[in-house]
Amino acid sequence: MINKFQRNCYIVKTDFSILSYKMKQKLTTYTEPERTLLENAREGNHKAFAEIVRRYENLVYSFAFKVCRNKDKASETLQDTFVNVYRKLDQFDHRSKFTTWLYSIVTNNCLMKNRRTKLAEASVSFTEVQLPHDDFEEHSHHNKSIHEWKSTPLDRVMNSELKDLLDGSIQKLPMDHRVVFVLRDIEGRSAEETAKILKLTVPAVKSRLRRARVFLREQLNEYMTS
Amino acid sequence: MKKKTISCKKVYTHICDNLDKDLNSPVCREIKRHLDSCPNCVTYLDSLKKTIILFRDYPNPKAPKSVRRRIFAKVHFK
């Protein structure tokens, strides 16, 4: 017979397995372009390049939107990314997946745009933020009760208040942590692929992801416990 | 009362790094034992999971078709 906490533990584990399954389903909807399509585009075949844009425009736009939370900036990033793809296609050597290469270009564009528009100023530096994870001493939270969160919307319809909160929270996250969170937790990319896209080590990706999750959780805590 | 074998910090770090992996290793069994006696960790991990779900469920807009035309114009398509 299992007790309440064992049950909760299994629920947590099972839910994450479902998340993982959903992520895999989502990823399989993107078909890899055949090598010939890329080679034709590289040789100047406009139809082949147009097909690459058609296949991947939603992936690029959606990623850019998740990172910058602004439709105009996401559109600019989409345009810049495919112009870069067109110009750099001869540098793609098929040693990585095409999507990995594409993510690295769109991520660079997001980071450059962020620097240019000085959005970074709106971000909070992690040195100024008290991260609970950093205070996680041995059983440090045992004397302090953590409040349970209410359920996430079952009908998957978010109200505008929650959307604004999510937008505001992720925009406070420093860009170098934000892109890791989006790639790993929203896009479902592996730690290894994320490291390759961002030219980081896997431990650095894991560290940034932990801090990003804790930071975002803290941002939502009041709303989700009130 | 069951003995806690590992710290809350280790539980958090390990689970956070392996959210999408099978939790059947010896460390995971240790974590399960910890969670049996630590309701705060269970609640905390549940809130982290919900944080991810909320961001993942945020509706994504589709790419505007007008951008396609701008891309082709930029690379001098006719």
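Chain B of this predicted model contains four helices and zero strands, where helices (H or I, at least four residues) and strands (E, at least two) are DSSP runs numbered from the N terminus. Along the sequence, the pattern of chain B reads α-α-α-α. Of its 78 residues, 28% count as buried; a residue is buried if 20 or more other C-beta atoms lie within 10 Å of its own, exposed if 12 or fewer, and partly exposed in between, with C-beta atoms placed from the backbone. Residues are numbered from 1 along each chain as its sequence is written, and chains are lettered from A and ligands numbered from 1 in the order in which they are written. Because the model is predicted, local features need pLDDT of at least 70 and side-chain atom pairs count only at pLDDT 80 or more, whereas totals for chains, interfaces and linings use all residues.

Lys49(B) is located in helix 3 (residues 39-57) of chain B. This lysine, Lys49(B), counts as buried because it has 22 C-beta neighbours inside 10 Å. Lys49(B) and Val67(B) are 18 residues apart along the chain, and their C-alpha atoms are separated by 35 Å.

The secondary structure of chain A comprises nine helices and zero strands, and from the N terminus on its elements run α-α-α-α-α-α-α-α-α. Chain A has 226 residues, of which 32% count as buried. Among contacts in chain A with a separation of 6 or more, 71% are between residues 24 or more positions apart; two residues are in contact if their C-beta atoms, placed from the backbone, lie within 7 Å.

Chain A is assigned domain 1 (31-120) and domain 2 (123-225), with bounds that come from an automatic or database domain assignment. Contacts between the domains involve 13 residues of domain 1 of chain A and 15 residues of domain 2 of chain A. On the side of domain 1 of chain A that touches domain 2 of chain A, helix 3 (46-68) and helix 5 (98-116) of chain A each supply at least two residues. Helix 5 of chain A gives the most to this side, with seven residues. The residues of this side of domain 1 of chain A divide into six nonpolar, five polar and two charged. In this classification Ala, Val, Leu, Ile, Met, Phe, Trp, Tyr, Cys and Pro count as nonpolar, Asp, Glu, Lys and Arg as charged, and the others, Gly among them, as polar.

The largest nonpolar core has 47 residues, a nonpolar core being a set of buried Ala, Val, Leu, Ile, Met, Phe, Trp, Tyr and Cys residues joined through C-beta atoms within 7 Å. The residues with the most contacts inside this core are Val60(A), Ala64(A), Leu78(A), Leu102(A), Val106(A) and Val180(A). Helix 3 of chain A gives the most to the core, with 11 residues. Both domain 1 (31-120) and domain 2 (123-225) of chain A give residues to this core, so it lies between them. Not counting residues up to four places away in sequence, Val60(A) touches Leu78(A), Thr81(A), Leu102(A) and Val106(A). A second, separate core of 13 residues includes Val11(B), Tyr12(B), Cys41(B) and Ile52(B). In soluble globular proteins, nonpolar side chains tend to be buried together.

The axes of helix 7 (residues 175-186) and helix 9 (residues 202-225) of chain A come within 9 Å and cross at roughly 95°. Axes are lines fitted to C-alpha atoms, for helices over the stretch in contact, and angles run from 0 to 180 degrees between N-to-C directions. Helix 7 of chain A contributes Asp176(A), His177(A), Arg178(A), Val180(A), Phe181(A) and Arg184(A) to the contact, and helix 9 of chain A contributes Val205(A), Arg208(A), Leu209(A), Arg211(A) and Ala212(A). The residues of this contact divide into five nonpolar, one polar and five charged.

Most residues other than glycine have a negative phi. Arg69(A), in the loop between helix 3 and helix 4 (71-88) of chain A, has a positive phi near 55°. Arg69(A) is partly exposed, with 19 other C-beta atoms within 10 Å. Lys199(A), in the loop between helix 8 (191-198) and helix 9 of chain A, has a positive phi of about 55°. Lys199(A) is exposed, with 10 other C-beta atoms within 10 Å.
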